[in-house]
Amino acid sequence: MSEDNQENKKPGLFTMGWFKPLYRRVIVIAIIALWCAWEWLYNHDQFWGLITLAALAYGVWTFFINFENELNKTDGKPKS
């Protein structure tokens, strides 16, 4: 990607301003974690267990590890 395309990049679904407060991101991850636990421990369903485990891993990466980097790319501030 060229620098021009990165500067005009629109915010993604998971980097919207709605997710800026930490408690909202924690609630979303907690719901996915509970769903994952439900699938593995109660239903014993490996297919949905893996799907929810992948969603949980992606959510942790997106909301906690890489959130600030992505938010800084899409906040509309000029690069200095």
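Accessible areas come from the Shrake-Rupley method with a 1.4 Å probe, and for residues only the protein chains shown count as cover.

The model is predicted, so local features need pLDDT of at least 70 and side-chain atom pairs count only at pLDDT 80 or more, while totals for chains, interfaces and linings use all residues. Residues are numbered from 1 along each chain as its sequence is written, and side-chain values use heavy atoms, with hydrogens and water left out.

The protein has 4 helices and 0 strands, where helices (H or I, at least four residues) and strands (E, at least two) are DSSP runs numbered from the N terminus. Read from the N terminus, the order of elements is α-α-α-α. The accessible surface of the protein is about 6200 Å², and 65% of this belongs to carbon and sulfur atoms. Of the 80 residues, 22% count as buried; buried means under 20% relative accessible area, exposed means over 50%, and partly exposed lies in between (1.4 Å probe, protein chains only). Contact means heavy atoms within 4.5 Å. Among contacts between residues at least 6 apart in sequence, 60% join residues at least 24 apart.

At least two of the patch residues come from each of helix H2 (22-43) and helix H3 (46-65). Helix H3 gives the most, with 4 residues. Val60 counts as partly exposed because its relative accessibility is 30%.

Leaving aside neighbours within four places in sequence, Ile29 is in contact with Leu56, Gly59, Val60, Phe63 and Phe64. The C-alpha atoms of Ile29 and Leu56 are 6.7 Å apart in space, although 27 residues separate the two in sequence.

With 2% relative accessibility, Phe63 counts as buried. Between the C-alpha atoms of Phe63 and Val28 there are 9.3 Å, and the two residues are 35 apart along the chain.

Thr52 is found in helix H3 as well. Thr52 is buried because its relative accessible area is 1%. Not counting residues up to four places away in sequence, Thr52 touches Ile32, Trp35, Cys36 and Glu39.

Next come the aromatic rings. A pair of aromatic rings is described by the distance of the centres and the angle of the planes. Rings of Phe, Tyr and Trp (its six-membered ring) pair if their centres lie within 6.5 Å; planes under 30 degrees apart count as stacked, over 60 as edge-to-face and the rest as tilted. By this rule there are 4 aromatic pairs. In one of them, the ring centres of Phe19 and Phe63 are 4.8 Å apart and the planes stand at 40°, so the pair is tilted. This pair links distant parts of the chain, since Phe19 is in the loop between helix H1 (3-7) and H2 and Phe63 is in helix H3, 44 residues apart. Phe19 counts as buried because its relative accessibility is 8%.

Phe47 and Trp48 form an edge-to-face pair, with 5.4 Å from centre to centre and 80° between the planes. Phe47 is exposed, at a relative accessible area of 53%, whereas Trp48 is partly exposed at 38%. Together with Trp35, Phe47 and Trp48 form one aromatic cluster.

The last stop is His44, in the loop between H2 and H3. Phi of His44 is near 55°, a positive value in a residue other than glycine. The relative accessible area of His44 is 60%, so this residue is exposed.
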